[in-house]
Amino acid sequence: MNSKALPRQINNIEVGVYECEIHLKFRLVEEKSLLGDREQLMQMLLEALTEGSDDFLEMLQASVKAQEVSEFKASPQMRRQLMRLRNAVDTNQ
């Protein structure tokens, strides 16, 4: 899955590493062939969820948890990105 951080202005913000957990339960009207491609299904669900429930998607339950974790639990790539963000904050101040 391809994910990009949302663009945001950096003004005196602290950045950290977070573990996020999302549990969704919904009913969906969709082509059966789509259900075989997990990547395509995930992309379609995310788009549908951002637009809200409609005649083809019925949200039954949603829960979200997020907690900050040690940056040492992150991959080396994420730690490098974290350092870049912190350096960007330092140079903008």
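Biologist: Which residues gather in a patch of negative charge on the surface?

Modeller: Glu47, Glu51, Asp54 and Asp55 do. Keep in mind that this is a predicted model.

Biologist: Where does aspartate 55 lie?

Modeller: Aspartate 55 is in a loop. That loop runs between helix H1 (38-51) and strand E2 (57-69).

Biologist: Is aspartate 55 buried or exposed?

Modeller: Read the relative accessible area. Exposed means over 50%. Aspartate 55 has 74%, so it is exposed.

Biologist: Let me step back to the whole chain. How many helices and strands does the protein chain have?

Modeller: The secondary structure comes to 2 helices and 2 strands. Along the sequence, the pattern reads β-α-β-α.

Biologist: What share of the residues counts as buried?

Modeller: Buried means under 20% relative accessible area. Of the 93 residues in the protein chain, 13% count as buried. The accessible surface of the chain comes to about 8,400 Å². Carbon and sulfur atoms hold 50% of that surface.

Biologist: Which residues make the nonpolar surface patch?

Modeller: Ile22, Leu24 and Val64 make it, and the patch covers about 300 Å². Take leucine 24 as a case. Leucine 24 sits in strand E1 (residues 17-28). Its relative accessibility is 39%, so leucine 24 counts as partly exposed.

Biologist: Now contacts. Among those between residues at least 6 apart in sequence, what percentage joins residues at least 24 apart?

Modeller: In the protein chain, 77% of those contacts do. Serine 63 gives a local case. Serine 63 lies in strand E2.

Biologist: Which residues does serine 63 touch, leaving out those up to four places away in sequence?

Modeller: Serine 63 touches Glu21, Ile22 and His23. Look at histidine 23. Along the chain, serine 63 and histidine 23 are 40 residues apart, yet their C-alpha atoms are separated by 5.3 Å.

Biologist: Is serine 63 buried, exposed or partly exposed?

Modeller: Serine 63 has 32% relative accessibility, so it counts as partly exposed.

Biologist: On to charged pairs. How many salt bridges does the structure hold?

Modeller: The structure holds 2 salt bridges. To call one, look for a side-chain nitrogen of Lys or Arg within 4 Å of a carboxyl oxygen of Asp or Glu. The side chains of arginine 27 and glutamate 58 meet in such a bridge, at 3.4 Å from N to O. This pair links distant parts of the chain, with arginine 27 in strand E1 and glutamate 58 in strand E2, 31 residues apart.

Biologist: How does the accessibility of glutamate 58 read?

Modeller: Glutamate 58 is at 41% relative accessibility, so it counts as partly exposed.

Biologist: Which residue forms a salt bridge with glutamate 71?

Modeller: Arginine 86 does, and the closest N and O atoms are 3.0 Å apart. Glutamate 71 lies in the loop between E2 and helix H2 (76-92), while arginine 86 lies in helix H2, so the pair ties together parts 15 residues apart in sequence.

Biologist: What relative accessibility does glutamate 71 have, and what is the value for arginine 86?

Modeller: Glutamate 71 is at 27%, so it counts as partly exposed. Arginine 86 is at 32%, so it too counts as partly exposed.

Definitions and conventions: Residues numbered from 1 in each chain as written. Predicted model: local features only at pLDDT ≥ 70, side-chain atom pairs only at ≥ 80, totals over all residues. Heavy atoms only, no water. Patch = residues over 30% accessible without salt bridge, like charges linked within 9 Å, V, L, I, M, F, W, Y side chains within 5 Å. Areas by Shrake-Rupley, 256 points an atom, 1.4 Å probe, with all protein chains shown as cover. Helix = DSSP H or I, 4+ residues; strand = E, 2+ residues; numbered from the N terminus. Buried < 20%, exposed > 50% of the residue type's maximum accessible area, 1.4 Å probe, protein only. Lys, Arg positive; Asp, Glu negative; His and termini not counted. Charge placed at Lys NZ, Arg CZ, Asp CG, Glu CD. Contact = heavy atoms within 4.5 Å.
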